[in-house]
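I opened the model and kept notes on what I looked up. The entries follow in the order in which I made them.

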Amino acid sequence: MNAHDGGTADSVAFLAVASAEAASACGPIGGLQAFLSPGEIAASRRFRRTEDQTDYQASHALFRLLAAWSLGLSPREAAALPVARRCGGCGGTDHGKPSVPGVCLSLSRSHGAVMVAAGPEGSILGADIERLPEQVFDGFDDFTAAPSERALLRSASVTDRMLLWVAKEAVLKAAGVGLAVEPSSVALAFNGGTHGSRRTGLRTAVCPGRPEIHGLEVRPVTAPPGYVAAVSSGARLPAHRLSLPEMFATSLQTSNV
Ligand SMILES: CC(C)(COP(=O)(O)OP(=O)(O)OC[C@H]1O[C@@H](n2cnc3c(N)ncnc32)[C@H](O)[C@@H]1OP(=O)(O)O)[C@@H](O)C(=O)NCCC(=O)NCCS
């Protein structure tokens, strides 16, 4: 299904970059808005702060560009790709998890950085990126950690706590439910406690009452300095970090843009 080496046929490709970096990479080829639908351009204007507008535009432009890259299309075709939405909570189609036929996708943004991930069609995928705060909010451990995880968090750093947060959000986004399901109702187990899974950080979601969540896998992935990120998938797929130059170089080779 994918025209590119290292694409999404049997792996997850993801970008996690500063929004400003995405904006400057798109600058010479029309800017972020050249890769957005009119609806997304209008939606970005709801944000009062320019930085938030840039984050929104960068996340949706990269979502479309990664979809086009995964499908072997030219970047010029990105803006016209049909993006549908579905909320796993209420079934609504005007909000919730976005999708493009032929590829599985997820997007996230957080205060100056964006992340998009793509996997094979029919797979299950969730991505989350967060800027590291100075401190977590009051009640973070009870809201985020399952009872079995709380003792481990007692001496954990902010980074470790945020790594748990992005892992939970990635799982809940992969399941399509988001925070409609409390993160503390899902435990993340190292697979059989093996050294391998502890080293790679690969965990499995334990939530027997929710079949769409139970058994999803999640791992931390590389993010820009000052951020943490995670990718969750239904099957154990290798995750490959793609750079903006790599994505554009491959797209440009396979198209006339
Ligand atoms: C999904 C959610 C966890 C993301 O929170 P966040 O960390 O603030 O935001 P992120 O930047 O990481 O992700 C936002 C993106 O997640 C995607 N998303 C939204 N809802 C989603 C869902 N249910 N499942 C998977 N992805 C979802 C969208 O692409 C969204 O960006 P967009 O609206 O600009 O397209 C949060 O928005 C949420 O819980 N939403 C659902 C709440 C809900 O169920 N409400 C009831 C509606 S009936």
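I started at Thr-204, which sits in strand β8 (residues 203-206). Helices (H or I, at least four residues) and strands (E, at least two) are DSSP runs, numbered from the N terminus. The model is predicted, so I took local features only at pLDDT of at least 70 and side-chain atom pairs only at pLDDT 80 or more, while totals for chains, interfaces and linings use all residues. Residue numbers run from 1 along each chain as its sequence is written, and side-chain values use heavy atoms, with hydrogens and water left out.

Is Thr-204 buried or exposed? I found Thr-204 buried, with a relative accessible area of 19%. Buried means under 20% relative accessible area, exposed over 50%, and partly exposed in between (1.4 Å probe, protein chains only).

I then listed the contacts of Thr-204, leaving aside neighbours within four places in sequence: Ala-187, Leu-188, Ala-189, Asn-191, Gly-215, Leu-216 and Glu-217. Contact means heavy atoms within 4.5 Å.

**Cys-207**

I moved on to Cys-207, in the loop between β8 and β9 (217-221). Cys-207 counts as buried, at 5% relative accessibility. Not counting residues up to four places away in sequence, Cys-207 touches Ser-185, Val-186, Ile-213 and His-214. For Ser-185 I noted the C-alpha distance to Cys-207: 6.9 Å, across 22 residues of sequence.

**Glu-149**

Next I looked up Glu-149, in helix α5 (residues 147-153). Glu-149 is buried, with a relative accessible area of 7%. Which residues does Glu-149 touch, not counting those up to four places away in sequence? I listed Thr-144, Leu-164, Lys-168, Val-186, Ala-187, Leu-188 and Arg-203. Leu-164 is 15 residues from Glu-149 along the chain, and their C-alpha atoms are separated by 9.6 Å.

**His-111**

I checked the loop between β4 and β5, where His-111 lies. His-111 is not a glycine, yet has a positive phi of about 40°. Most residues other than glycine have a negative phi. His-111 is partly exposed, with a relative accessible area of 46%.

**Nonpolar cores**

I defined a nonpolar core as a set of buried Ala, Val, Leu, Ile, Met, Phe, Trp, Tyr and Cys residues joined through side-chain atoms within 4.5 Å. The largest has 32 residues, and Leu-62, Leu-65, Leu-66 and Met-247 have the most contacts inside it. At least two residues of this core come from each of β1 (12-18), α1 (19-26), α3 (50-70), β4 (103-110), β5 (113-120) and α8 (244-253). Helix α3 gives the most, with nine residues.

A second, separate core has 25 residues, including Ala-156, Ala-167, Val-186 and Ile-213.

**Whole chain**

I ended with the totals. The protein chain has eight helices and 11 strands. Its radius of gyration is 18 Å, close to the 18 Å that the globule rule gives for 257 residues, so the chain is as compact as a globular protein of that length. The radius is taken over C-alpha atoms, and the rule is 2.2 Å times the number of residues to the power 0.38. Along the principal axes, the C-alpha atoms fill a box of roughly 55 × 40 × 35 Å. Buried residues make up 49% of the 257 residues.
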